[in-house]
Each structure stands twice: as structure tokens, then as C-alpha cells.
Amino acid sequence: MNSSTLQPLPFSPSIAARQVAKAAAFVALGLGAAASHGAGIRLEDDRGTTVELQAPAKRIVSLMPSLTETVCALDACDRLVGIDRHANWPASVKGLPQVGGIDDANVERILALKPDLVLLRPRSRAAEPLERLGLKVLALDAKTHADMRRVMETVARATGRPGAGEAYWRKLDAGLDAARARVPAGWQGRRVYFEVHGGMAAASESSFIGETLARLDLGNAVPGTLGPFPKMSPEFVVRANPDVLMVSALGEISAMASRPGWSAMSAIQRGRVCSFASARFDLMMRPGPRLDEAADAIVGCLASLGEPRP
């Protein structure tokens with residue numbers, strides 16, 4: 001066949017349009033994939049700072065026990081390379097290098113661990129020097145149940161598992177509902193005084209502990225208007241006259257009875273005191289993935305006290 005036998009195909013506007021559309025879609029698909037690959041993981045922390053990771057974090061330093069627990073709860077414990085001195089759950093983290101705490105983190109030691117992400121609280125003094133050294137810092141803080149849900153999903157996204165945080169929160173939410181169903185009928189609506197910081201303060205209605213009490217259909221002797229963990233005077237508690245006291249086992253009932261006016265409180269007189277061992281009290285004070293265990297501990301203690309008398 002010679003060239004004279006070749007005839008040009010008749011021009012068809014509809015065919016040409018389809019070809020252009022296919023080409024444009026192909027180019028757009030390529031550019032979209034490239035943009036997605038280049039963007040990596042984009043997160044906003046609780047300082048309002050945008051943190052961009054090129055890939056899911058593989059080497060994580062955590063400067064908060066609750067954040068350490070969250071990483072592990074999301075099946076990423078093997079990515080932790082350093083923790084703060086107070087982290088103690090799960091037991092496997094105890095063998096990791098400790099790099100200080102919220103106020104005295106050892107920046108040099110953190111840098112030596114070569115993390116691709118550091119988790120800490122917004123007011124941590126280590127954030128600025130770590131960022132100046134080029135490290136990625138994600139500042140997260142959970143003061144409410146809603147915060148805990150958001151933090152879990154943010155950590156999940158940082159580790160390349162979007163949706164895992166939401167799934168874990170649904171599990172915790174179901175656990176809270178199950179715990180509420182086990183609260184003895186006589187305790188429902190009763191007022192709790194939850195003591196923290198060695199008796200210097202208490203968990204109010206606006207704290208995450210207060211939210212847990214509310215989910216269990218329990219009242220709170222400390223109003224949320226005073227702040228999440230207000231300092232309390234012995235006189236305030238006497239006037240509030242709560243139905244039950246919840247404290248760390250470090251505080252003895254006899255010592256509480258010696259506080260001004262406390263011996264006259266019905267909770268002291270009737271032995272309505274929930275005293276939690278140190279490890280158990282730790283988990284109750286941490287806004288993290290063991291929230292359902294904290295609720296179980298509260299319900300378990302109330303059940304052990306028996307039905308309250310009028």
C-alpha cells in the first residue's frame with residue numbers, strides 16, 4: 001500500500017471532544033495523585049499550628065502519659081522511641097528511653113532519638129526549641145470527652161490510620177454506656193466529691209472526670225463554674241455534704257476526718273469513701289483510651305459500698 005491510498009478520516013467534533021476530555025481526565029488524575037503524594041498528612045494541633053508529615057510517623061517521642069497510651073491503644077506502640085518519666089502503661093513502654101517531663105524535657109536526648117514526630121501538650125516548654133531544631137511537633141490536649149475523641153483521631157491520622165481513632169472512641173462510648181447500666185439504682189443521681197492533687201483540688205462538673213460521672217448518672221458536688229479542677233477549701237466540702245468521697249489511696253479516711261468539720265459529714269460517718277490504689281487512680285486522672293476502665297472502677301466501688309441509706 002502506498003501513501004496515495006491513505007485518506008484522512010472525516011473530522012467528528014463529538015469524537016474530538018471525547019478525546020480531549022479523556023486526555024484532560026488523565027492529566028488531572030496524574031496531577032491529583034502527585035499532589036496527594038506530595039501533600040502527605042496535614043494536621044492541625046491545639047495551638048492552631050498546621051503540621052505536615054511527608055509520611056505516617058514511624059519514630060515517635062511522647063511527652064504525655066495519655067498520649068503514649070493513645071499511641072499504643074491504636075496499635076502503634078512499636079513506633080514509640082521515647083516517653084516522659086510518668087508513662088507506665090502499657091507495661092511494654094517502661095523499657096523505652098525516658099526524656100523528662102512536660103516542664104523539663106531533655107531536648108538533646110529527644111533529638112538523639114531521631115523522632116519524626118514529637119507529641120506533647122500545647123504549653124510544653126520543649127515545643128519551640130524542638131521546632132527550631134527541625135523536628136515535627138504535634139501539641140495535643142484533652143480536657144473533655146470531645147477533646148479525647150478528637151485527639152485519638154488526630155493521632156490515628158498521624159500514624160497513617162485515619163478512622164482508627166473514631167473506631168476506638170465508639171468502643172469507649174459503648175463501654176461508658178455499659179458501665180452506666182451497672183450503677184446500683186440507689187446510687188443514681190447521688191453527689192460525688194472527686195478529690196485530686198492530694199486533697200488540694202477536686203474534679204468539677206466541667207472536667208473530663210465530671211463528664212464521666214455525668215455519663216454514669218451521678219451528680220457532682222463541685223459546680224463546673226469553678227473551673228475543671230478548682231482548689232477547694234475544707235469548708236466548701238462540708239457545706240456541699242457529698243454522698244460519697246472518691247480519693248487516691250494515699251489519703252487515709254482518718255486523715256480526712258481530721259480536716260475542719262469533715263468528721264460531721266455523712267460520707268465520713270457512714271464510710272462512703274472510694275479509695276483507689278495509685279495505679280488505678282493514675283488511669284482515672286488520664287484523659288486517654290482507658291476511660292471505660294475508669295468508669296468501671298467508679299461503678300465497682302459504688303457497688304462495694306452497698307445501697308446508700310437515706
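The legends below describe close-up views of side-chain contacts in a predicted model.

**View 1. Tyr 193 and Trp 262 form an edge-to-face aromatic pair.**
The structure holds three aromatic pairs. In this one the ring centres of Tyr 193 and Trp 262 are 6.2 Å apart and the planes meet at 85°, so the pair counts as edge-to-face. Tyr 193 belongs to strand β7 (residues 191–196), while Trp 262 lies in the loop between α9 (253–257) and α10 (266–269), so the contact ties together parts that are 69 residues apart in sequence. Tyr 193 is buried, at 2% relative accessibility. Trp 262 is also buried, at 1% relative accessibility.

**View 2. The charged end of Arg 259 sits over the ring of Trp 262.**
The distance from this charged end to the centre of the Trp 262 ring is 4.4 Å. Trp 262 is thus in contact with Arg 259 as well as being paired with Tyr 193.

**View 3. Phe 208 and Phe 229 form an edge-to-face aromatic pair.**
Their centres are 6.2 Å apart, with 65° between the planes. The pair links distant parts of the chain, 21 residues apart: Phe 208 is in helix α7 (residues 208–215), and Phe 229 is in the loop between β9 (219–220) and α8 (234–240).

**View 4. Cys 72 and Cys 77 form a disulfide.**
The structure holds two disulfides. In this one the sulfur atoms of Cys 72 and Cys 77 are 2.0 Å apart. The torsion about the S-S bond is about 55°, so the disulfide is right-handed. Cys 72 is buried, with a relative accessible area of 11%, and Cys 77 is partly exposed, with 21%.

**View 5. Cys 274 and Cys 301 form a disulfide.**
Here the sulfur atoms are 2.1 Å apart. The link of Cys 274 and Cys 301 is left-handed, with -110° about the S-S bond. Cys 274 is in strand β11 (residues 273–276) and Cys 301 in helix α12 (residues 291–305), so that distant parts of the chain, 27 residues apart, are linked. Cys 274 is buried, at 0% relative accessibility. Cys 301 is buried too, with a relative accessible area of 13%. With the bonded cysteines of the protein numbered in sequence order, the pairing is 1-2, 3-4.

Technical notes:
Residues are numbered from 1 along each chain as its sequence is written. This is a predicted model: local features need pLDDT of at least 70, side-chain atom pairs count only at pLDDT 80 or more; totals for chains, interfaces and linings use all residues. Side-chain values use heavy atoms; hydrogens and water are left out. Rings of Phe, Tyr and Trp (its six-membered ring) pair if their centres lie within 6.5 Å; planes under 30 degrees apart count as stacked, over 60 as edge-to-face and the rest as tilted. Helices (H or I, at least four residues) and strands (E, at least two) are DSSP runs, numbered from the N terminus. Buried means under 20% relative accessible area, exposed over 50%, partly exposed in between (1.4 Å probe, protein chains only). A charge sits over a ring if NZ of Lys or CZ of Arg is within 6 Å of the ring centre and within 35 degrees of the ring normal. A disulfide is a pair of cysteine sulfur atoms within 2.5 Å.
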